[in-house]
Amino acid sequence: MTKTMMNPRMLASAVESACRAPSVHNSQPWHWIAEGGELRLFFAPSRAPHATDRTGREAVISCGAALDHLRVAAEAAGWQAKIARFPNPNNLDHLATINFSPMPFVTDAVRARADAIIHRHTDRLPFAAPAAWAAFLPVLIGTVDTEQATLAVLPEAVRPQLAEASRLTESLRRYDSSYHAELQWWTTPFETTDGVPYDALVSASEGDRVDIARKFPTGEHPDRRPEVDRDRSVIVVLSTYGDTRRDALGCGEVLSDVLLEATLAGLATCTLSHLTELEASRNIIRALTGGSGNPQLLIRIGEVPALSDQPPATPRRPLAEVLEVREPAEGG
Ligand SMILES: Cc1cc2nc3c(=O)[nH]c(=O)nc-3n(C[C@H](O)[C@H](O)[C@H](O)COP(=O)(O)O)c2cc1C
């Protein structure tokens, strides 16, 4: 029987959209192989920032976000993705194999979600409080696949504890020279295809208005978004039941869902992971979310006043570097 296949150009375009996914330090730790209409996603350990993310957990979360972006982009192009996660127990870097089948109809909602991939970006400036949060929360909760991760909203009252945990992480790392060297390396001011560009970082005075943030090397800017005197975002935490590579991949898929849903609602987002990298601060987040589960990420979600400064789109590696197209083996 002949298999219906997505045409190669469409497949390449879906992978390009998938690679717009967020990744720790914009490291883009993924590799895709297309062969015979099937797509395989691999974790690329050599790209993971090991001094920040010692076990590669955040890099796999990043791959999970790319996998969900891929699913969304394929659906908008009229193809349903059937995903087999960890299809090869002997190679856990092989995160997923994806097969596609044509969909009878593409809804406007699916197209809008794919558009959100282009509009989403990490915003490190302060946010105003999300005015329609009460109406948005049930929508957000509805998108979370609770078999993969759970979402907890932290009450405003715990904000001082979070800020304290954020400072604790920074002070525990004050003399960790490999961590700081790595941060410098991923935030080079030169034009590259990966890393966090200077424009996407905050200046010292902008950073003073955001109490919960990873301290990156500071960018030099005139003070942006001065109308927001301090960050009033809502903070949500994504946690998983276990702490395996499978959990990390699932958490990444949920991260993508949450970020795209917030973007669709016109909200700005900033993913934060410094608070879950060291056991001391991770334990504080665990206690704040009820004491069970494994906190993976925090996300600031808020509103950006109209006409306010927006961070620029961050670069991505060229498609030819991340997507390998193989001719199917003869007789296969
Ligand atoms: C697992 C993960 C961890 C991240 N941790 C942080 C963080 O601690 N602080 C931060 O400002 N951004 C963090 N980010 C955002 C990335 O730096 C961002 O996705 C990347 O630079 C690409 O930019 P973009 O999201 O605007 O496309 C994280 C993203 C992911 C997926």
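Helices (H or I, at least four residues) and strands (E, at least two) are DSSP runs, numbered from the N terminus. The model described here is predicted: local features need pLDDT of at least 70, side-chain atom pairs count only at pLDDT 80 or more, and totals for chains, interfaces and linings use all residues. Residues are numbered from 1 along each chain as its sequence is written, and side-chain values use heavy atoms, with hydrogens and water left out.

- Five strands form an open sheet of mixed pairing in the order 3-4-2-1-9; two strands pair if DSSP finds at least two bridges between them.
- Strand 3 (79–85) and strand 9 (323–326) are the edge strands, each pairing on one side only.
- Direction ignored, neighbouring strands of this sheet are turned by 20° against each other on average.
- Four bridges join strand 1 (residues 30–35) to strand 9 in the parallel sense, and W32 stands opposite L323 in strand 9.

**Helices on the sheet**
- Helix 1 (residues 8–18) packs on the sheet and touches strand 1, strand 2 (38–43), strand 3, strand 4 (94–102) and strand 9, where contact means heavy atoms within 4.5 Å.
- The direction of helix 1 makes about 170° with that of strand 1; axes are lines fitted to C-alpha atoms, for helices over the stretch in contact, and angles run from 0 to 180 degrees between N-to-C directions.
- Helix 8 (residues 245–264) lies across strand 2, strand 3 and strand 4, at about 160° to strand 3.

**Cysteines**
- The whole structure holds zero disulfides (pairs of cysteine sulfur atoms within 2.5 Å).
- The closest cysteine sulfur to that of C63 is in C19, at 9.7 Å, too far for a bond.
- C251 is in no disulfide, the nearest cysteine sulfur, that of C63, being 13 Å away.
- C63 is buried at 0% relative accessibility, and C251 is buried at 0% (buried means under 20% relative accessible area, exposed over 50%, partly exposed in between; 1.4 Å probe, protein chains only).
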